[in-house]
Amino acid sequence: MEQRIGSSSQPLEGAGFDPAFIPGLTSPASGRTGEDGPEKEPEVAAAEEDEEVEEAVPEPEERAETEPSGQEEEPAADGPVFEASDRRARLVADHRGVRMSLDDQECEFRWDEIGAVETETARFGKRYTVTVHTPDRRWYPIEIEAPARSRFTEWDEQLDAVLDAYFEDGAPEVREEPGT
């Protein structure tokens with residue numbers, strides 16, 4: 001009877017070992033091509049993957065030329081605008097929709113993607129919470145710390161003005177023809 005000398009456990013592969021591993025899209029970090037195929041050294045396999053990634057990602061200069069900046073997209077519309085921000089979070093509601101950002105994360109909702117907008121104030125403290133609800137039952141809250149609790153009423157009035165101007169809630173109205 002043959003016995004193996006050494007560990008009988010298999011080497012770790014997959015997402016538990018390599019956070020960049022995506023089943024079906026990337027090969028495991030070991031670089032194996034198959035049971036019968038040759039094995040690549042990890043440094044060589046990683047270098048080849050880095051070259052492929054570098055080719056796929058455009059340079060920052062190219063991105064600046066191909067992607068229009070947010071300021072040049074549309075001229076500002078004459079209408080109400082709501083803007084609130086603190087050291088980490090920012091919320092802007094205007095003719096384009098609602099844009100939220102927290103640290104380096106950003107999201108944007110057009111008015112036709114929004115099911116409801118809800119505001120809430122903390123009982124104690126200075127946190128103003130705005131939650132955007134979508135028709136597919138998802139919600140996206142953002143908390144903004146106000147400089148003073150007196151800003152809550154001002155922000156509510158400004159946000160209500162924007163919602164009244166741009167947000168259409170409910171189903172479209174069906175007009176009946178006279179005489180039918």
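Thr134 is buried in this predicted model. Its relative accessible area is 11%, and the cut-off for buried is under 20%, so Thr134 falls in that class. The residue sits in a loop.

What does the side chain of Thr134 make a polar contact with? The partner is the side chain of Asp136, at 2.4 Å. Other contacts reach further along the chain. Setting aside neighbours within four places in sequence, Thr134 touches Phe109, Glu113, Gly115 and Tyr140.

Phe109 leads on to a sheet. Strand 4 covers residues 105-109 and stands at a sheet edge. The sheet is open and has four strands, in the order 1-2-3-4, with antiparallel pairing. Strand 1 (82-85) stands at the other edge. Strand 1 and strand 4 each have a single partner strand, so one side of each is left without a neighbour in the sheet. Neighbouring strands are turned by 5° against each other on average, with direction ignored.

Strand 2 spans residues 89-94, and strand 3 spans residues 97-102. The two pair in the antiparallel sense over six bridges. Where does Val92 find its bridge partner in strand 3? That partner is Arg99.

Helix 3, residues 151-166, lies across strand 1 and strand 2. Its direction runs at about 140° to strand 1. Strand 1, then, is an edge strand with a single partner strand, and helix 3 lies across this strand as well as strand 2.

Conventions. Residues are numbered from 1 along each chain as its sequence is written. This is a predicted model: local features need pLDDT of at least 70, side-chain atom pairs count only at pLDDT 80 or more; totals for chains, interfaces and linings use all residues. Side-chain values use heavy atoms; hydrogens and water are left out. Two strands pair if DSSP finds at least two bridges between them. Axes are lines fitted to C-alpha atoms, for helices over the stretch in contact, and angles run from 0 to 180 degrees between N-to-C directions. Contact means heavy atoms within 4.5 Å. Buried means under 20% relative accessible area, exposed over 50%, partly exposed in between (1.4 Å probe, protein chains only). A polar contact is a pair of N or O atoms within 3.5 Å; within protein, one must be able to donate a hydrogen and the other to accept it, and residues adjacent in sequence count only if both atoms are side-chain atoms.
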